[in-house]
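Colleague: Can you walk me through this one? I'd like the ring contacts and then the strands and the helix.

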Amino acid sequence: MRRFFVPADILDSPVVAFPSDQARQIARVLRLRAGTQVLLLDDQGWQYHVELVKVASRGVEGRVLKREPAPPEPRLSVTLYQGTLKADKFEWVLQKGTEVGVSAFAPVVCARSVAREAHEASAKASRWRRILQEAAEQSGRGSIPRLLPSAQFDKAWESVRGLSLLPWERERQIGLRRALTERLPPNEGGDYPPVNLFIGPEGGFTPDEVDMGRSRGAVTVSLGQRILRAETAGVVAAAAVLYHVGELGG
């Protein structure tokens, strides 16, 4: 069944008038017909089974059949603080991170960030939110991950709460598994503290940035002997964290 996040206020009525963008997608791209059932989500914890009753180029309407709780979000909130990347690579991180279960993304401008990529972090926020929405619809999420404003590396730490992990290729003592075992012991049925993953840009973090992260309480960890690309490391680390707490079918 096709899923769409829509503004919550249009679901107040038993007959839903779809926003123009989604109406165009339904009528011209997907070519759905009257009688088709779709699932609408309000991004506030509810989903609605809706039957299309009118599909036309001038508008699409549907009738609400049932309202029920949306799929729950992971018990552990992961925020991915990703060093800026080329736009296509960052968009890949948004898409795959959403599929894995990341709760929020924050573009971070680091010492080794490329100037053009740092500029894109502010200019493409609208496009990136659409990517998050589409990935959340595709992957069955009950909520759309948040896109936090881009920030300089030192400023990004100001709002951080919970456990912060900083994968670093020079870390030799503490692996991600050990850090998770020690810092996130099993908590059956309960919530976990939020986890913040700091991933460097291409070229990695500078030693000064690593020192700053440690001074803010971050644990530097190794992701193993192989060197992961910047766009891969965050998705892999997020998946490992969520797997550790049983959010990937464990």
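Colleague: Ground rules before we start?

Modeller: This is a predicted model, where local features need pLDDT of at least 70, side-chain atom pairs count only at pLDDT 80 or more, and totals for chains, interfaces and linings use all residues. Residues are numbered from 1 along each chain as its sequence is written, and side-chain values use heavy atoms, with hydrogens and water left out.

Colleague: How many aromatic pairs does the structure hold?

Modeller: It holds 6. Rings of Phe, Tyr and Trp (its six-membered ring) pair if their centres lie within 6.5 Å; planes under 30 degrees apart count as stacked, over 60 as edge-to-face and the rest as tilted.

Colleague: How are Phe153 and Phe198 arranged?

Modeller: Their planes stand at 75°, with centres 6.2 Å apart, so the pair is edge-to-face. Phe153 sits in helix 5 (residues 153-156) and Phe198 in strand 11 (residues 195-199), 45 residues apart. Helices (H or I, at least four residues) and strands (E, at least two) are DSSP runs, numbered from the N terminus.

Colleague: Are Phe153 and Phe198 buried or exposed?

Modeller: Both are buried. Buried means under 20% relative accessible area, exposed over 50%, partly exposed in between (1.4 Å probe, protein chains only).

Colleague: And what about Trp157 and Phe198?

Modeller: That pair is stacked, 3.8 Å centre to centre with 5° between the planes. Trp157 lies in the loop between helix 5 and strand 10 (163-167), 41 residues from Phe198. Trp157 is buried too.

Colleague: Which residues make up the cluster linked by ring pairs?

Modeller: Tyr81, Phe153, Trp157, Phe198 and Phe205.

Colleague: Which charged end sits over the ring of Trp46?

Modeller: That of Arg67, 3.5 Å from the ring centre. The test is NZ of Lys or CZ of Arg within 6 Å of the ring centre and within 35 degrees of the ring normal.

Colleague: Back to strand 11. Why is it largely enclosed by the rest of the structure?

Modeller: 5 of its 5 residues are buried, so the rest of the structure largely encloses strand 11. Val195, Leu197 and Ile199 are on one side, Asn196 and Phe198 on the other.

Colleague: Which strands do bridges join to strand 11?

Modeller: Strand 6 (residues 78-83) runs parallel to strand 11, joined by 5 bridges. Strand 10 is also parallel to strand 11, with 3 bridges. Two strands pair if DSSP finds at least two bridges between them. Gln82 has Ile199 as its bridge partner, and Leu163 has Val195.

Colleague: New topic: strand 3. How many of its residues are buried?

Modeller: 4 of the 5 in strand 3 (residues 37-41), so it is largely enclosed by the rest of the structure. Strand 1 (residues 3-5) runs parallel to strand 3, with 3 bridges. Strand 4 (residues 46-56) is antiparallel to strand 3, with 5 bridges. The hairpin of strand 3 and strand 4 has 4 residues between the strands, and Asp43 there takes a positive phi near 60°.

Colleague: Last one. Which residues of helix 1 are buried?

Modeller: In helix 1 (residues 20-29), they are Gln22, Ala23 and Ile26. They fall within an arc of 105° seen down the axis (directions from the helix axis to the C-beta atoms), so they line one face of the helix.

Colleague: What do they pack against?

Modeller: Strand 1, strand 4, strand 5 (59-69) and helix 4 (125-139). Contact means heavy atoms within 4.5 Å. Asp21, Arg28 and Val29 are exposed on the face turned away from the buried side.
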